[in-house]
Amino acid sequence: MQQDKFKQISNDLMIFKKNVFLANEFDHNPIAKSHKQFNQDQIAFFIQQWALVANRYITNLVQIEKTISNDGWEIVVTMIQEIIADELGRHTQGATHYEVLTQGLNETLSVDFSHLTPSKTTETLFKKMDHILSKQTPYIIGTLYAIEAKAIDELLMFKQLMLSLSKNNLSKTMQIFLDGHINEWEITHLENLNNSIYKYLIPEDYDKFRSGFEDILLALNAWWININQETLRSQETTTA
Ligand SMILES: [Fe+2]
């Protein structure tokens with residue numbers, strides 16, 4: 001596929017993301033809208049579920065790498081291997097990003113991560129992800145593209161939420177996690193994909209690529225809406 005043609009496709013997908021995936025904007029995110037009424041248990045519930053989803057991205061990357069490497073996609077495969085190495089602690093003294101994240105969240109909001117179980121909403125998302133990752137390579141590449149396209153916006157939104165929940169008092173570890181991703185580790189991912197996907201994606205596979213992109217964003221958007229409902233309901237259970 002020509003790089004120009006890919007650019008055009010990419011522009012359409014970014015418009016879809018902006019219109020449909022509102023969860024990445026602080027002013028539209030359901031949790032951001034409700035968080036001021038959460039009690040400590042509700043904050044902990046939401047944060048634990050968010051951490052489970054963040055951790056699931058790593059498992060997904062391992063799965064994506066396995067599937068697409070059977071079909072070539074060498075540059076993208078190498079890029080995923082580098083992201084996995086980052087996640088496993090290449091720039092963080094051997095601590096995985098998940099360990100840095102949970103330590104930072106524990107220090108900032110006193111949330112405990114020792115016994116995490118996916119809630120009904122998170123379980124539904126994980127089932128959708130299993131289904132998505134069982135599809136063919138062009139579709140899965142669309143998913144990967146969506147995840148990287150939304151990564152920095154999601155972290156900026158999450159940072160704003162953390163600042164509000166902690167009354168502007170993020171721990172040092174939390175700052176390292178957020179600023180490391182926002183300013184250093186994540187910044188080249190989307191650009192690298194923009195410079196490589198077009199080399200492998202054939203026009204016949206564009207529809208699959210687009211569906212993968214759309215389906216994962218719709219699944220994540222539904223997660224944000226439903227996790228907010230679940231968090232609000234968890235108060236009713238506690239106070240009943
Ligand atoms: Fe990370």
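Figure 1. Lys33 is exposed, because 12 other C-beta atoms lie within 10 Å. Phe16 is 17 residues from Lys33 in sequence. In space, the two are 22 Å apart, C-alpha to C-alpha. The model is predicted: local features need pLDDT of at least 70, side-chain atom pairs count only at pLDDT 80 or more, and totals for chains, interfaces and linings use all residues. Residues are numbered from 1 along each chain as its sequence is written.

**Figure 2. The whole protein, with eleven helices and zero strands.** The order along the sequence is α-α-α-α-α-α-α-α-α-α-α. (Helices are DSSP runs of H or I with at least four residues, strands are runs of E with at least two, and both are numbered from the N terminus.) The C-alpha atoms fill a box of roughly 55 × 35 × 30 Å along the principal axes. The radius of gyration is 18 Å, which agrees with the value near 18 Å for a compact globule of 240 residues. (This radius is taken over C-alpha atoms; the globule rule is 2.2 Å times the number of residues to the power 0.38.) Of the 240 residues, 30% are buried. Among contacts with a separation of 6 or more, 85% join residues 24 or more positions apart. (Two residues are in contact if their C-beta atoms, placed from the backbone, lie within 7 Å.)

**Figure 3. Helix 3 against helix 7.** Helix 3 covers residues 40-69 and helix 7 covers residues 137-165. Their axes come within 12 Å and cross at roughly 155°. Helix 3 is therefore roughly antiparallel to helix 7. (Axes are lines fitted to C-alpha atoms, for helices over the stretch in contact; angles run from 0 to 180 degrees between N-to-C directions. Angles under 35 degrees count as roughly parallel, over 145 as roughly antiparallel, 65 to 115 as roughly perpendicular, and the rest as oblique.) Helix 3 supplies Ile43, Tyr57, Ile64, Thr67 and Ile68 to the contact. Helix 7 supplies Thr137, Ile140, Ile141, Leu144, Ile147 and Leu165. By class, nine of these contact residues are nonpolar, two are polar and none is charged. (Ala, Val, Leu, Ile, Met, Phe, Trp, Tyr, Cys and Pro count as nonpolar; Asp, Glu, Lys and Arg as charged; the others, Gly among them, as polar.)

**Figure 4. Helix 3 against helix 6.** Helix 6 covers residues 120-133. The axes of helix 3 and helix 6 come within 11 Å and cross at roughly 10°. Helix 3 is therefore roughly parallel to helix 6. From helix 3, the contact uses Gln49, Leu52, Val53, Arg56, Asn60, Gln63 and Ile64. From helix 6 come Thr122, Leu125, Phe126, Met129 and Leu133. This contact has seven nonpolar, four polar and one charged residues.

**Figure 5. Trp73, a loop residue with positive phi.** Trp73 is not a glycine, yet its phi is positive, about 55°. It sits in the loop between helix 3 and helix 4 (74-87). Trp73 is buried, because 24 other C-beta atoms lie within 10 Å.

**Figure 6. Lys167, a loop residue with positive phi.** Lys167 has a positive phi of about 55° and is not a glycine. Its loop runs between helix 7 and helix 8 (172-185). Lys167 is exposed, because 7 other C-beta atoms lie within 10 Å.

Terms used: Buried ≥ 20, exposed ≤ 12 C-beta atoms within 10 Å, placed from the backbone.
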